[in-house]
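Good morning, everyone, and thank you for coming. Please have the sequence and the model open while I talk, and let us go through the side chains together.

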Amino acid sequence: MDSVLRQLVRGKALLFIIVLSLGGSFQIGCNLTLISSPTPFIKSFINSSWTERYGEAPGENIVTLIWSTIASSFAFGGLFGSTSVRWITNHLGRKRAMIWNNGINFVALGTMIASRFANSFEMIMLSRFLFGFTSGLGTNIHGLYLGDSSPKKIRGMVTLTVALFLSSGKLFAQFMGLSEILGREDLWNILLGIPAFFSIIQIVTLPFFPEAPRYLLIEKGNTDECKKALQFLWGPGDYKLEIEEMLLEQASLRGERSKTLLELLRDRNVRWQLLSLFIIQEAIQFCGISALSLYSFSIFEEAGIPVDKIRYVTMGVGLSEVLTNITCGLLIDRVGRRVLLWVCFGIMAVIMALMTVTLELKDYSFWIPYSTVALIFLFVVFYGAGPAGVFPPLSHEIFVQSYRSAAFVFIGILMWGGFTVLGFIFPFLMVTLKSFSFVLFSGVCLAASLYVFFILPETKGKTPLEISEEFRNIRVCGSSTDMDLCLETKL
């Protein structure tokens, strides 16, 4: 631990991580959570705006439709932003792309603040779309930039800060949404524009930091600038091993240009990486964390927690995710990615199964609702220590440089497309299955745990070339006359 901290403070790496995160995953965490607190105020604004414009009050269905459009416009913006990452980073590089992204946030902020004075709910939709675009693009650039700047030995801990600042953004948004702060009817437009204020910090400070070292050497062929960037971020040294590893990867690419998404999907050499990304990302989205967000208020209420205190308990849940992300950061380069993933997914599957039981039996005894509250905290702890924390470094290191930008486009489509699908089917799922939907979530977690245990190779302490070779060693063998299939992987 001490050696890791010394590495972070020898140069400007720690400051770089903070500055980069404030314009990256921290903002998506803020934007995802900020919308919940002012929901009744925005619906009231929609009602009054419609009435003033058309001379009659809108029906309940119209208000719901407009509100749903406002909520979903963030996901649509995120989808467009995440899919543009390859084109933008290839033309601008990591640093300039992030600075340019911050400029759009100022447009979104101005639109959001003006919407209330212009009495226009359409401006809220536009602003949320723009915030979604910058969140989708910024988070992908954040992961690329940070991964391309990290030494191999502590790459896991450094890139895990993407998840740490995402959960920190959620917690910060919950705090700012309190009625004692900005969660009031006269300040909802200011509240929803908060992420843009962090863009000011990044747009002022990021120009003083170097471009990503791996990008400078592998894609631009500038060894001197790469060495200077490493020394600026990580302190004095010749960084001979790091540069040799980058040169080896550059040589293996033989001058290949950055792949497009279509080329990535057609390439059989990365099919196992793509399948792994797909399974883990979808398991994260459909593991039940969204269900807990919906159910937590009623569960806490049934446990006897006063209604006016529930928001503070919810903040406690958010704080537990932040703390477990930190714990994961201390473990990930010692224990490894694979162990944290399959163990935590497995425990999450058990917790979801137990929650099905406790929710069904909640009226049989006074202590059962309290056990459900405890299970919620436990689930969030293992979610933060496992899939939420491990996925950012894993998604970066399983691809070589020429595939990486297209891979982040693929991740963006999975994540933001999943948000959109989940937003449509989740309410119907809750109405149809109710607490038994947690059995479905348990099955998703169990399937992900088994896949990671039997298939996914360990990536700790390995170069992208070594990891690619590990994936190529996965074999599916069999023949038309033999019904037995065998899977082999280097575990």
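This is a predicted model: local features need pLDDT of at least 70, side-chain atom pairs count only at pLDDT 80 or more; totals for chains, interfaces and linings use all residues.

**Rings, a cavity and cysteines**

Let me begin with a cluster, in which ring pairs link Phe16, Tyr145, Phe209 and Phe232. Rings of Phe, Tyr and Trp (its six-membered ring) count as a pair if their centres lie within 6.5 Å, and planes under 30 degrees apart are called stacked, over 60 edge-to-face, and the rest tilted. Residues are numbered from 1 along each chain as its sequence is written, and side-chain values use heavy atoms, with hydrogens and water left out.

The structure holds 14 aromatic pairs. In one of them, the ring centres of Phe16 and Phe209 are 5.6 Å apart and the planes stand at 50 degrees, so this pair is tilted. The two residues come from distant parts of the chain, 193 residues apart, with Phe16 in helix H2 and Phe209 in the loop between helix H10 (194-205) and helix H11 (213-219); helices here are DSSP runs of H or I with at least four residues, numbered from the N terminus. Both Phe16 and Phe209 are buried, a word that means under 20% relative accessible area, taken with a 1.4 Å probe and protein chains only.

Which residues line the largest cavity? They are Ala13, Phe16, Ile17, Leu146, Ser149, Ser150, Val158 and Trp234, and helix H2 (residues 13-22) gives the most, with three residues. A cavity is a set of points on a 1 Å grid over the protein atoms alone where a 1.4 Å probe fits but cannot get out, and lining residues have an atom within 4 Å of a point. The volume of the largest cavity is about 30 Å³, counted as the space filled by probe spheres set on the points, which are joined across faces, edges and corners.

Cys287 is in no disulfide, and the nearest cysteine sulfur, in Cys445, is 5.0 Å away. Cys287 is also buried, at a relative accessible area of 0%.

Note on methods. On a 1 Å grid over the protein atoms alone, a cavity is a set of points where a 1.4 Å probe fits but cannot get out, and a pocket is an open set with protein on both sides within 12 Å along at least five of seven lines; lining residues have an atom within 4 Å of a point. A disulfide is a pair of cysteine sulfur atoms within 2.5 Å. Buried means under 20% relative accessible area, exposed over 50%, partly exposed in between (1.4 Å probe, protein chains only).
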